Amino acid sequence: MSQQVQGVIAPGKNEPVRVETIVIPDPGPGEAVVTIQACGVCHTDLHYKQGGINDEFPFLLGHEASGVVESVGEGVTDVAPGDFVILNWRAVCGQCRACLRGRPWYCFDTHNAKQKMTLLDGTELSPALGIGAFAEKTLVAAGQCTKVDPEVSPAVAGLLGCGVMAGIGAALNTGQVGRGDSVAVIGCGGVGDAAIVGARLAGAARIIAVDVDDRKLETAKSMGATHTVNSRSTDPVEAIRSLTGGNGADVVIEAVGRPETYQQAFYARDLAGTVVLVGVPTPEMRLELPLLDVFGRGGSLKSSWYGDCLPSRDFPMLIDLHQQGRIDLGAFVTETIGLGDVEKAFARMHEGDVLRSVVVL
């Protein structure tokens, strides 16, 4: 039997989101229905609303979520009703060439639920990143559910479902920041600040935060940045070099997703250093770099997919570190809101004074 719940949809490109009644089917083989307890408002949801991902409207928004498994379909053994889980959007298949080579964080065939959630009139919904968690309940592939300690706050746990994991993983997994390294992070929103947390956790000696907003730079300092650079008034490449003995940083994490800031990251790294792109660009963006510089500077230019995380490994570990007081995931929660406040939360993103608005149900 299906059930009806309330959820937030994006009906069309750049149209205001609205709360609608959503029909959730019973879970089929390999699927689970999850009662959502909290879901962060992420820039990716705004990209969906703006048509920046694809045009498969209407979208059921929300993906950075935690909740409790209500029911599971045939063949599901990893989670059971009553389990507290974080939802992930890279449920590894175990069979593709990346998984078989022991690199499941690159899985090329991640799972989503096969059945569709719909509106009351039968219109099929496209769930954001295969999740759709701005809703009282959602249907996902069971592999998208990662069981963690239920003692943690749902509002905190859900953040690992996307932005915070992307940032921490960009430092720990993709950038492989090591003890004593110098790290620069360009763009100090939620993902950039999470990269700062990851760099500090890895033992970086110098963490340079770069942004155009002094408020964001102050927040970055509270997250562990040792130095800040306002790139609106200071050349960030020269500033990063001057803070690293004239050499550039060992790892530069670009958390904006623009050609201009990527170019800054490229030239702000040390010779044989690493650039990590974790900011998400839009389809029309193009990058131009002298190929001789790409060759001559050596090192690595990497893209970070979801922080190159393996949810079954990384989510429980980071929750444990939070509960031990070694990282403060709660610092990313600026405000808690209801389903009807998502449109206002999108507007607040542009004001620069929130890290995460979190829908709590």
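**Close-up views of a predicted model**

Y306 has its place in the loop between β16 and α10 (311–323). This is a predicted model, in which local features need pLDDT of at least 70, side-chain atom pairs count only at pLDDT 80 or more, and totals for chains, interfaces and linings use all residues. Residues are numbered from 1 along each chain as its sequence is written, and side-chain values use heavy atoms, with hydrogens and water left out.

**View A. Y306 is a residue other than glycine with a positive phi.** The phi value of Y306 is near 55°. With 4% relative accessibility, Y306 counts as buried (buried means under 20% relative accessible area, exposed over 50%, and partly exposed in between, using a 1.4 Å probe and protein chains only). Helices and strands in these legends are DSSP runs numbered from the N terminus: helices are H or I with at least four residues, and strands are E with at least two.

**View B. N14 sits in the loop between β1 and β2.** N14, a residue other than glycine, also has a positive phi, near 60°. At 48% relative accessibility, N14 counts as partly exposed.

**View C. Here is the cis peptide bond from F57 to P58.** Its omega is near -5°. P58 belongs to the loop between α1 (43–49) and β4.

**View D. Five strands form an open sheet with mixed pairing.** The order to follow across the sheet is β7-β2-β1-β4-β8. Strands β7 (118–119) and β8 (126–127) stand at the edges with a single partner strand each, so one side of each is left without a neighbour in the sheet. Pairing here means that DSSP finds at least two bridges between two strands. Strand β1 (residues 3–10) pairs with strand β2 (residues 18–24) in the antiparallel sense over seven bridges, and V5 has I22 as its bridge partner in β2. β1 also pairs with strand β4 (residues 59–60), in the antiparallel sense and over two bridges. In β4, L60 is the bridge partner of I9.

**View E. Six strands form an open sheet with parallel pairing.** Reading across, the order is β13-β12-β11-β14-β15-β16. The edges are taken by β13 (227–230) and β16 (300–303), each with a single partner strand, so one side of each is left without a neighbour in the sheet. On average, neighbouring strands of this sheet are turned by 15° against each other, direction ignored. For angles, axes are lines fitted to C-alpha atoms, for helices over the stretch in contact, and angles run from 0 to 180 degrees between N-to-C directions. Strand β12 (residues 206–211) runs parallel to β13, joined by four bridges, and the bridge partner of D211 in β13 is N230.

**View F. Strand β11 (residues 182–186) is mostly covered.** Five of its five residues are buried. Both faces are covered, with S182, A184 and I186 on one side and V183 and V185 on the other. β11 pairs with β12 in the parallel sense over five bridges, and V183 has I207 as its bridge partner in β12. S182, found in strand β11, counts as buried at 10% relative accessibility. Leaving aside residues up to four places away in sequence, S182 touches R206, T244, G248, A249, D250 and V251 (contact means heavy atoms within 4.5 Å).

**View G. Helix α4 (residues 163–174) crosses helix α5 (residues 190–202) at roughly 40°.** The two axes come within 7 Å. That makes α4 oblique to α5 (angles under 35 degrees count as roughly parallel, over 145 as roughly antiparallel, 65 to 115 as roughly perpendicular and the rest as oblique). The crossing of α4 past α5 is right-handed; a crossing is right-handed if the near helix is turned clockwise from the far one by less than a right angle, and left-handed if anticlockwise. Among the residues that meet are G163, V164 and I168 in α4 and V191, A194 and L201 in α5. By class, the residues of this contact divide into 12 nonpolar, three polar and no charged (Ala, Val, Leu, Ile, Met, Phe, Trp, Tyr, Cys and Pro count as nonpolar, Asp, Glu, Lys and Arg as charged, and the others, Gly among them, as polar).

**View H. Helix α5 packs with helix α6 (residues 214–223) at an angle of about 25°.** Their axes are 9 Å apart. α5 and α6 are therefore roughly parallel to each other, and their crossing is right-handed. D193, I196, V197 and R200 of α5 make the contact with T219, A220 and M223 of α6. This contact has four nonpolar, one polar and two charged residues.
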